[in-house]
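Open your viewer and get ready to select residues by number.

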Amino acid sequence: MSEHILALEQITKRFSGVEVLHQVSFGLRPGEVHALLGENGAGKSTLVKVMTGVHQPDGGQIYLHGQPVTFSDPLASLQAGIAAIYQELSLFPDLNVAENIFVGRQPTGAGGRLDWRTLYAEADKLLSALGMHLDLKQKARNLSIAQQQMVEIARALSIDARILIMDEPTSSLTLGEVADLFRLVRRLREQGTAIVFISHRLEELFEIADRVTVLRDGAYVDTRPLAEVSRDELIRLMVGRPITNLFPKKEVAIGEVALKVEHLSSEGIFEDVSFELRRGEILGMAGLVGAGRTDVARAIFGVEPPTSGRIEIDGKAVTIGSPQQAIDLGLALAPEDRQLHGLIPPMNIVANISLPMLGAYARRGWLRPKQERDATFAAAQQMEVRANNIWQRARELSGGNQQKVVLAKWLSTQPRILILDEPTRGIDVGTKAAIHALMSELAGQGLAILMISSELPEVLGMSDRILVMREGRVTGQFTRAEATQEKIMAAATQTVAAGETA
Ligand SMILES: Nc1ncnc2c1ncn2[C@@H]1O[C@H](COP(=O)(O)OP(=O)(O)OP(=O)(O)O)[C@@H](O)[C@H]1O
Ligand SMILES: [Mg+2]
């Protein structure tokens with residue numbers, strides 16, 4: 001056991017009587033990147049939170065440097081040299097970048113007064129060392145998810161941790177940003193830092209991790225060196241069965257134009273965006289984080305109406321001033337940020353899914369709970385949401401299952417035009433294949449789908465046509481047959497050479 005800097009022995013964890021970790025053991029060596037792998041809800045984040053004192057185990061023991069320890073709260077684990085970046089981002093929205101990095105430990109000068117000069121100098125040093133370019137005075141609420149993630153990483157690293165835990169750090173980063181993060185991870189590993197790394201992207205594990213521990217249904221399955229395990233074997237360990245049909249895009253008849261966008265602009269954010277989306281079509285929207293894709297989606301959906309341009313639905317010009325108007329016109333938008341825009345965490349699954357549909361379930365002002373429950377149950381089942389029951393609060397669900405609830409919520413509105421912003425982020429390989437199959441089926445039924453995705457294999461595998469954006473403008477359009485990874489990357493960056501890696 002002494003080879004381990006951190007060891008968990010036979011950890012059991014229950015939430016209100018339901019056991020979600022069954023006697024799980026895990027050993028972390030100094031200077032290794034140790035991946036945790038498992039389906040959505042397998043218990044990865046819970047295990048991490050046991051390591052950091054967010055949750056107390058109901059059974060088992062934690063050892064640090066071979067000594068039994070108890071972390072009564074996250075501060076205790078932090079003081080013991082364990083830093084964590086959690087799956088749900090945890091910045092203070094009204095504090096700026098520098099304040100968030102040093103929150104709770106701001107440098108003080110004489111008389112205990114805040115030393116702003118040192119605060120900004122230290123924050124700047126840290127971010128430049130990490131190769132991150134951020135405005136230190138920008139408030140966290142104005143940052144993209146990728147930028148928020150960078151701040152979280154900077155905060156974790158500012159502590160000089162011996163153990164660094166990263167729960168899906170790459171899920172909202174694009175290729176270049178992932179390469180930067182991996183460079184950093186390798187540097188830390190060389191310095192002897194032990195790293196726990198969670199990701200649903202198997203290619204990433206093969207690239208960065210030394211060993212992988214697989215969990216299934218809250219139980220330990222196996223620990224293997226990555227060099228000695230194949231991709232298919234990993235999937236089998238994780239899911240219990242092989243998955244063959246990745247990207248099951250079916251050929252479907254493409255119909256009439258459902259959505260036409262002409263010269264759409266939102267001052268200072270995006271400019272002159274034009275495209276058509278037809279029934280039965282999946283239009284992929286590729287680009288780097290911050291290219292303006294989400295802003296275009298939000299403009300079309302009436303969240304932040306555009307400053308100029310034209311939108312037509314089924315050949316008729318429309319003005320969409322609010323999401324409710326968009327919903328009434330048959331549009332749905334499943335947003336990328338499930339915590340900010342997608343879910344109401346303290347409400348249960350039923351309430352979350354039926355939210356945009358309340359009108360349909362109500363008769364003369366009274367909710368009809370049975371109908372609500374049946375429709376919700378069907379939608380949750382279609383998305384393979386895994387929970388104790390449909391009355392469980394959204395915030396208690398695993399990250400991937402929260403994402404499934406957001407998708408179920410918008411599908412239950414039975415839209416005719418569906419906008420999906422990063423639909424499979426944080427979703428495990430098995431469910432991802434199921435979501436892709438569902439998209440393909442919906443397209444087959446005549447739904448028009450606009451899919452924003454930063455994952456090139458997903459864009460290439462699922463789209464009939466691909467639109468690429470860069471810095472608020474459309475910089476490329478490709479048919480399914482024309483599109484290649486290189487062409488999309490070139491249009492998305494136009495400066496970085498295609499296929500660049502760490
Ligand atoms: N606070 C909580 N209360 C009740 N149940 C919880 C709570 N936190 C987690 N769970 C349950 O524990 C199980 C494991 O969840 P966990 O978040 O660890 O999964 P995960 O492996 O991280 O999944 P994902 O890949 O989706 O992030 C799930 O069934 C989840 O619903
Ligand atoms: Mg998780």
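**Stop one: a helix and what follows**

Helices here are DSSP runs (H or I, at least four residues), numbered from the N terminus. This is a predicted model: local features need pLDDT of at least 70, side-chain atom pairs count only at pLDDT 80 or more, and totals for chains, interfaces and linings use all residues. Residues are numbered from 1 along each chain as its sequence is written, while chains are lettered from A and ligands numbered from 1 in the order in which they are written.

Now select helix 9, residues 293-300. Seven of its eight residues are buried, so the rest of the structure largely encloses it. Buried means that 20 or more other C-beta atoms, placed from the backbone, lie within 10 Å of the residue's own. Among the buried ones are Arg293, Val296 and Ile300.

Colour domain 2 (253-330 + 415-495) and domain 3 (340-414). These bounds come from an automatic or database domain assignment. Their centres, taken over C-alpha atoms, are 24 Å apart.

**Stop three: ligand 1**

Select ligand 1 and the 19 residues around it. "Around" means a C-beta atom, placed from the backbone, within 6 Å. Phe15, Ser45, Thr46, Ser398 and Gly400 come nearest. Finish on helix 1 (44-51) and helix 15 (399-411): each supplies at least two residues of this shell.

Technical notes. A residue is buried if 20 or more other C-beta atoms lie within 10 Å of its own, exposed if 12 or fewer, and partly exposed in between; C-beta atoms are placed from the backbone.
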